[in-house]
Amino acid sequence: MDKPFAITLNIGSSLANHTGSWRNERPVYVNRLPPCNDACPAGEDVQGWLYEGEAANYEQAWRNLVRDNPLPAIMGRICYHPCQTACNRAQVDEAVGINSVERFLGDEAIKQGWQFKITAPATGKKILIVGSGPSGLSAAYHLAMRGHTVTIRESAAAAGGMMRYGIPAYRLPREVLDAEISRIVNMGVTIECNAKVESAEAALAEGFDAVFLAIGAHLGKRAFIPAGDTARILDAVSVLHMTADGQPPMLGRRVVVYGGGNTALDAARTARRLGAYEAIVVYRRTQEKMPAHEIELKEALDEGIIMRWLSTVSRVDEGKVTIEKMALDEKGFPQPTGEFEDLDADSVILALGQEVDLSVIEGMKEIKVEDGVIEVDEYLMTGRIGLFAGGDAVPGERTATNAIGHGKQAARAIDSWLQGEKFVHALRPELASFDKLNTWYYSDAPKTVRPKLDAARRASNFSEVVQGLDAETAVFEARRCLSCGNCFGCDNCFGVCPDNAVIKLEGGKYEINLDYCKGCGICANECPCGAIDMELERS
Amino acid sequence: MSTPLKFYQVGSFAVGNRLLAEEQLSEQSRPGRTNSLTSGHRACQGCGEALGARYALDAAMAATDGKIVAVNATGCLEVFSTPYPETSWRLPWLHSLFGNAAAVATGVSAALRAQGKTDIRVIAQGGDGGTVDIGFGPLSGMFERNDDVLYICYDNEAYMNTGVQRSGATPPAARTNTTHAVGANPGASFSQGKNLPVIAMAHGIPYVATATVADLHDLEEKVKKAMTFRGARYLHILVPCPLGWGSRSEETIQLARLAKESGLFPVFEAEYGEVTETKPIRRLVKVDEYLKPQKRFAHLFGPKAHPEQLIAIQAIADRNIAKYKLVNEATQLPADQEVSRG
């Protein structure tokens with residue numbers, strides 16, 4: 001090269017200088033566990049399906065969702081969404097309306113006729129599921145997906161369990177329930193109705209490789225209450241079941257419901273729809289202690305349900321209920337005060353909890369029963385080899401979502417057990433807690449509130465109370481997701497690196513160029529969603 | 001729907017988003033950006049100036065179809081990018097002396113005009129030392145003559161390249177190697193200061209703006225806007241310096257953000273000597289939050305602190321907030337603070 005005066009070296013680029021050697025920490029892309037996923041009893045990858053929803057890829061979003069939960073249109077209506085309680089966005093403005101997006105996807109799937117695709121080869125293994133409630137259906141789906149042959153036996157006239165016979169139609173329209181059940185039937189799952197399984201042992205002897213008990217808790221608890229001969233006392237489970245069967249019981253104009261759970265509120269709201277102009281819920285503790293979900297309480301109060309806190313029913317006579325007022329002692333337990341009051345009531349509905357009908361395991365000594373529920377190990381297997389149980393029949397929170405989670409866990413455990421293995425859980429990644437986020441980068445946007453039917457109109461019929469999102473509002477709501485702990489392709493790392501040491505790949509992915517990364521950590525600090533971790537370099 | 005949809009991604013503060021349309025992308029989110037200052041440069045870890053220079057020059061390159069000549073004053077930016085015979089610059093780049101960048105840029109601009117190449121635009125750039133102190137005479141002359149140059153000052157508030165000495169842009173109370181944290185008034189004095197954006201405005205030049213490396217969208221917009229004017233333009237960018245400020249390398253952008261959000265560094269635009277636009281504070285913070293992570297202000301905190309210094313610095317921020325109307329109805333205020341909204 002012909003060089004000018006005093007120049008002795010050729011022109012070089014600084015690219016020859018690999019500044020990566022300065023580094024003592026390196027950025028690593030990570031997937032942390034979003035709080036919504038962490039809180040979901042059904043184990044949904046909420047952030048994962050919202051990610052597709054953000055791009056309006058609704059079918060892919062739905063397919064990601066149903067990897068874990070085959071009943072999104074149902075759960076989008078009746079789940080008490082612990083995901084939203086855990087949502088980090090609540091600390092920015094308001095939690096993401098995950099439940100409403102789930103419902104939108106579920107409804108969209110029904111509308112578009114999306115079906116499940118079984119990719120696993122048939123195993124030839126036969127599994128019997130006793131009960132077609134949420135845990136039974138979920139287990140059936142997950143087992144069928146793994147190539148097993150599944151039969152469900154249901155004692156009632158139609159499938160759905162408590163979703164049909166416990167949850168009123170105004171919360172879960174029956175055509176939605178039917179649509180999601182038939183999609184599971186379309187996978188080749190056999191559902192036999194009016195087919196009560198009397199003995200689990202006998203069922204095992206029929207040649208099933210495994211049996212899953214998903215029998216729920218359908219017996220209303222009774223309490224001894226002094227009552228006159230003509231007093232009308234019913235239990236909430238029967239009231240809801242009869243109503244679901246189209247043969248609602250006569251309740252009269254004034255109804256008292258005794259209990260503080262969701263079933264009590266469902267019974268009271270159902271009573272209103274059946275014509276009672278007054279429905280009073282009597283509960284012996286305070287609102288704070290009430291087990292019913294606050295959303296249900298709010299909707300019940302909106303409909304004119306009257307709450308009598310700190311009261312017990314002490315006597316029932318024709319047309320009259322005597323309640324005793326309670327007072328909290330210093331430990332916070334309700335104690336009788338000796339102060340009584342009469343309420344007019346044509347009937348009294350007891351909603352004091354439900355018990356499991358254990359007749360199916362009668363005589364099976366190896367199975368432990370404690371507090372009226374079936375004991376299972378961590379793989380949901382009972383003391384009898386090959387007999388598994390889940391849902392309301394085993395210890396745990398009694399919600400449909402939890403039951404769906406049990407169904408999935410049981411399916412995985414049964415599948416592993418059939419192969420002579422034990423199911424091993426993937427390691428749970430570190431939680432993407434709020435302090436891992438850089439919320440500066442998110443603009444404020446309040447939640448899309450699902451419109452509600454006018455409360456007065458609602459109380460008089462069984463039409464659905466909460467209306468869904470349309471495509472436009474669903475994508476808006478999905479895009480409120482902060483994508484906690486998981487990259488959403490915002491280009492921040494690519495932009496903020498002073499050394500151009502981040503490579504942008506296709507599809508919103510990135511890679512660190514370790515030849516030049518000096519390890520300053522700006523990318524990790526400015527990552528909105530906490531998806532970059534700084535790790536010490538080993539020398 | 002009648003309400004405008006506000007997505008956290010679209011129009012948010014992040015560099016880009018996988019869901020954005022091509023025309024909505026920031027320059028820095030494009031895989032094909034110029035990378036005017038490329039990898040392998042010798043700036044410290046977390047250098048704000050390296051980042052600011054790439055942001056600004058890439059935006060200018062995009063705005064002019066790649067027709068930019070850059071003239072550099074002496075300083076970190078020159079030293080860390082061009083150790084003989086290597087260069088990190090991917091555009092025509094000249095360096096002459098510490099104090100004459102504006103004069104050289106004037107000459108380049110005149111030469112291009114003489115050759116009829118007015119589509120090629122000239123940028124002069126330097127640190128705060130080369131701009132507000134050593135190069136101030138030529139710069140003022142460039143303004144006064146209204147030469148067709150965009151001058152960009154990367155302000156890290158001291159002479160960092162030579163070992164952190166105080167400059168005319170060093171803020172009050174800051175510790176540097178020539179303003180030690182000793183005596184009754186530790187750190188740099190509470191003098192009149194030298195507010196170069198305002199001095200530039202006083203020249204009545206077509207365009208003056210301030211920006212920080214914390215708001216990329218704002219910075220890119222201002223560079224692109226500056227390229228729509230002919231004549232002298234001045235852009236003053238706050239670029240935190242982990243070495244000189246005694247801050248952690250990963251905090252560079254965060255500190256720039258806090259400088260703006262505390263009101264200590266007002267972000268605004270001015271045309272022909274009049275302020276036309278200010279960037280309101282989004283989440284107002286007390287100056288403590290900005291000062292505390294910086295070791296150059298460590299003496300403001302702790303048992304031996306001089307509380308009146310902190311009060312005086314807060315007063316500067318409050319004056320800026322009032323003067324530039326930095327707090328509006330959308331500003332989130334700290335729980336215990338009452339500020340009149342402009």
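In which kind of crossing, left-handed or right-handed, does α2(A) pass α6(A)? Read on to the first close-up for the answer; everything shown here comes from a predicted model.

**View 1. Two helices of chain A, α2 and α6, pack against each other.** The crossing is left-handed. Two packed helices are described by the angle between their axes and the distance between the axes. Here the angle is about 65°, and the axes lie 11 Å apart. Helix α2(A) covers residues 46-54, while helix α6(A) covers residues 98-112. On the α2(A) side, look for A:V46, A:W49 and A:L50. Their partners on α6(A) are A:I98, A:V101, A:E102 and A:L105. Sort these contact residues by class and you get 6 nonpolar, no polar and 1 charged.

**View 2. A:D317 sits in a strand of chain A.** The strand is β12(A), which spans residues 311-317. Which side chain does the side chain of A:D317 make a polar contact with? That would be the side chain of A:R315, at 3.0 Å. Leaving aside residues up to four places away in sequence, A:D317 touches A:G228 and A:A231.

View 3. Most residues other than glycine have a negative phi, and most peptide bonds are trans. You'll find A:A6 in the segment before β1 (12-13) of chain A. B:P85 belongs to the loop between α2 (76-81) and β2 (86-87) of chain B.

**View 4. The largest cavity is lined by 19 residues.** Rolling a probe the size of a water molecule over the atoms shows where empty space is left. A search of the whole structure turns up 8 cavities of 30 Å³ or more, and the largest of them has a volume of about 160 Å³. Nearest its centre are B:G75, B:C76, B:G127, B:M160 and B:N161. Three named elements of chain B, α2, β4 (121-127) and α4 (128-133), each give two or more residues to the lining. Which element gives the most? It's α4(B), with 3 residues. By class, the lining of this cavity has 7 nonpolar, 10 polar and 2 charged residues.

**View 5. The second largest pocket holds about 940 Å³ of space.** Its lining counts 38 residues, and those closest to the centre are B:P172, B:N195, B:L264, B:I316 and B:N320. Several elements of chain B supply at least two lining residues each: α6 (196-202), β7 (233-238), α10 (287-291) and α11 (307-324). How many residues come from α11(B), which gives the most to this lining? The count is 7. As for class, the lining of the second largest pocket splits into 22 nonpolar, 10 polar and 6 charged residues.

Note on methods: Residues are numbered from 1 along each chain as its sequence is written. Chains are lettered from A and ligands numbered from 1 in the order in which they are written. This is a predicted model: local features need pLDDT of at least 70, side-chain atom pairs count only at pLDDT 80 or more; totals for chains, interfaces and linings use all residues. Side-chain values use heavy atoms; hydrogens and water are left out. On a 1 Å grid over the protein atoms alone, a cavity is a set of points where a 1.4 Å probe fits but cannot get out, and a pocket is an open set with protein on both sides within 12 Å along at least five of seven lines; lining residues have an atom within 4 Å of a point. Grid points are joined across faces, edges and corners, and a volume is the space filled by probe spheres set on the points. Helices (H or I, at least four residues) and strands (E, at least two) are DSSP runs, numbered from the N terminus. Ala, Val, Leu, Ile, Met, Phe, Trp, Tyr, Cys and Pro count as nonpolar, Asp, Glu, Lys and Arg as charged, and the others, Gly among them, as polar. Axes are lines fitted to C-alpha atoms, for helices over the stretch in contact, and angles run from 0 to 180 degrees between N-to-C directions. A crossing is left-handed if the near helix is turned anticlockwise from the far one by less than a right angle, and right-handed if clockwise. Contact means heavy atoms within 4.5 Å. A polar contact is a pair of N or O atoms within 3.5 Å; within protein, one must be able to donate a hydrogen and the other to accept it, and residues adjacent in sequence count only if both atoms are side-chain atoms.
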